[in-house]
Amino acid sequence: MNQTTQLLLLILAATIGIIAMLLIIRRQGRERSAAESESPYATSSEGQKRCPSCGAYNAWTDRNCVTCRRKLPG
Ligand SMILES: [Zn+2]
C-alpha cells in the first residue's frame, strides 16, 4: 500500500465519520423539536377530549383513552 492510498483511505474514513456525526446531530434536533412541538389535536372540544396520541374522541370525564388506553390530559 503506497502513501497516496493510505491518504485516500484516511480521507474516506474521516468523511464517513463526519457524515455519521451530522446524521446523529440532525436526528437529535428532530427528536427535540418533535418533543417540544404541540400536539396537532386539540385537547378538548365541546364536552369531548381528543386523545393526543391517537386522536380518538373521549368523553371529558374519561381519564384514559378508550382506544389506546393512554392517560388523557386535563
Ligand atoms: Zn388514544
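The questions and answers below concern a predicted model of a protein chain.

Q: What makes up the secondary structure of the protein chain, and in what order do the elements run from the N terminus?
A: The secondary structure comes to one helix and three strands, and from the N terminus on these elements follow the order α-β-β-β.

Q: Where in the protein chain is confidence lowest, and where is it highest?
A: Confidence is lowest in strand S1 (residues 44–45), with a mean of 56, and highest in helix H1 (residues 3–36), at 89. The protein chain as a whole averages a pLDDT of 85, and 82% of the residues score at least 70. Where pLDDT is low, predicted coordinates should not be read in detail.

Q: How do you know whether Arg63 is exposed or buried?
A: Around Arg63 there are 9 other C-beta atoms within 10 Å, and because the limit for an exposed residue is 12 or fewer, Arg63 is exposed. Arg63 also has its place in the segment after S3.

Q: Which residues does Arg63 touch, not counting residues up to four places away in sequence?
A: With residues up to four places away in sequence left out, Arg63 touches Lys71 and Leu72. The C-alpha atoms of Arg63 and Pro73, which are 10 residues apart along the chain, are separated by 8.0 Å.

Q: Why does Gln48 count as partly exposed?
A: Gln48 has 13 C-beta neighbours inside 10 Å, and because exposed residues have 12 or fewer and buried ones 20 or more, Gln48 falls in between and counts as partly exposed.

Q: Where is Gln48, and which residues does Gln48 touch?
A: Gln48 is placed in strand S2 (residues 48–50), and, not counting residues up to four places away in sequence, Gln48 touches Tyr57, Asn58, Ala59 and Trp60. Gln48 and Asp62, 14 residues apart in sequence, are 9.1 Å apart in space from C-alpha to C-alpha.

Q: What makes Pro52 partly exposed?
A: Pro52 has 17 other C-beta atoms within 10 Å, and because this class lies between the limits of 12 or fewer and 20 or more, Pro52 is partly exposed. Pro52 is found in the loop between S2 and S3, and its C-alpha is 8.1 Å from that of Pro73, 21 residues apart in sequence.

Q: How many residues does the protein chain have, and what percentage of them count as buried?
A: The protein chain has 74 residues, of which 7% count as buried. Among the contacts in the protein chain with a separation of 6 or more, residues 24 or more positions apart account for 8%.

Note on methods:
Residues are numbered from 1 along each chain as its sequence is written. This is a predicted model: local features need pLDDT of at least 70, side-chain atom pairs count only at pLDDT 80 or more; totals for chains, interfaces and linings use all residues. Helices (H or I, at least four residues) and strands (E, at least two) are DSSP runs, numbered from the N terminus. Two residues are in contact if their C-beta atoms, placed from the backbone, lie within 7 Å. pLDDT is the predictor's confidence in each residue, from 0 to 100.
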